[in-house]
Amino acid sequence: MARKKVVIVIVDMDGAYINEDAIKQSSEIQEFKYTETYILAPRIEKVVERNERKAKNLNVLSCLNRINVSLDYSLYYFSCNQEHVLHNLIGVPDNQKKFFAEKFNDQYEDNFDEFKDFIRSEEFAVKGSYLETWEFIKKDNNSLKRFSNIHLLLKEENL
């Protein structure tokens, strides 16, 4: 029996669906800075343009369930980003991201049951079906808050 071919993509939301009033401008910074309530940026227009482009792509990709005839496809998210969900830290500098990824791996690589409990945590695991979790993240500036739908990968039939 041939194995089913599956493509799973995990993305950071980066506040892609926030309202424009949740973007603040500061000429004192060079890059976007994230909080759970707003994005601070050198130019508001840069965030708006990025969010429009990213949201448009995510809207298409989150509704796909197949790539050509032979590949199942699904898209999952961390909001605002991976470090936010996995470590409850927002705004981790790029040069520290690998450290936090390795720390997470070290903590759970030999304890899948503990990992499952963590990733299903009610603190951030969005309830509902796959499509309902996508509708949720698009509302109320939720794409900046600490949420994820990755727990849906751990349905009993997928283990």
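## Salt bridges and nonpolar cores

D113 is exposed, with a relative accessible area of 51%, where exposed means over 50% relative accessible area, buried under 20% and partly exposed in between, computed with a 1.4 Å probe on protein chains only. The model is a predicted one, in which local features need pLDDT of at least 70, side-chain atom pairs count only at pLDDT 80 or more, and totals for chains, interfaces and linings use all residues. Residues are numbered from 1 along each chain as its sequence is written, and side-chain values use heavy atoms, with hydrogens and water left out.

The side chain of D113 meets that of K116 in a salt bridge, at 3.4 Å from N to O; the term denotes a side-chain nitrogen of Lys or Arg within 4 Å of a carboxyl oxygen of Asp or Glu.

The structure holds 9 salt bridges, and the table lists some of them.

| Pair | N to O distance | Relative accessible area |
|---|---|---|
| D72 and R66 | 2.9 Å | D72 15%, R66 40% |
| R146 and E123 | 2.8 Å | R146 11%, E123 57% |

R146 and E123 form a salt bridge. This pair links distant parts of the chain, 23 residues apart, with R146 in the loop between α5 (130-137) and β7 (147-148) and E123 in the loop between α4 and α5. R146 is buried, whereas E123 is exposed. D72 and R66, for their part, are linked together with K4 in a network of salt bridges.

In soluble globular proteins, nonpolar side chains tend to be buried together. A nonpolar core is here a set of buried Ala, Val, Leu, Ile, Met, Phe, Trp, Tyr and Cys residues joined through side-chain atoms within 4.5 Å. The largest one has 27 residues, of which M13, L58, I119 and W134 touch the most other members. Its largest share, 5 residues, comes from β6. Leaving aside neighbours within four places in sequence, M13 is in contact (heavy atoms within 4.5 Å) with residues including K54, L58, Y77 and W134. Apart from this core lies another, of 10 residues, among them V47, V48, C80 and L144.

Notes: Helices (H or I, at least four residues) and strands (E, at least two) are DSSP runs, numbered from the N terminus.
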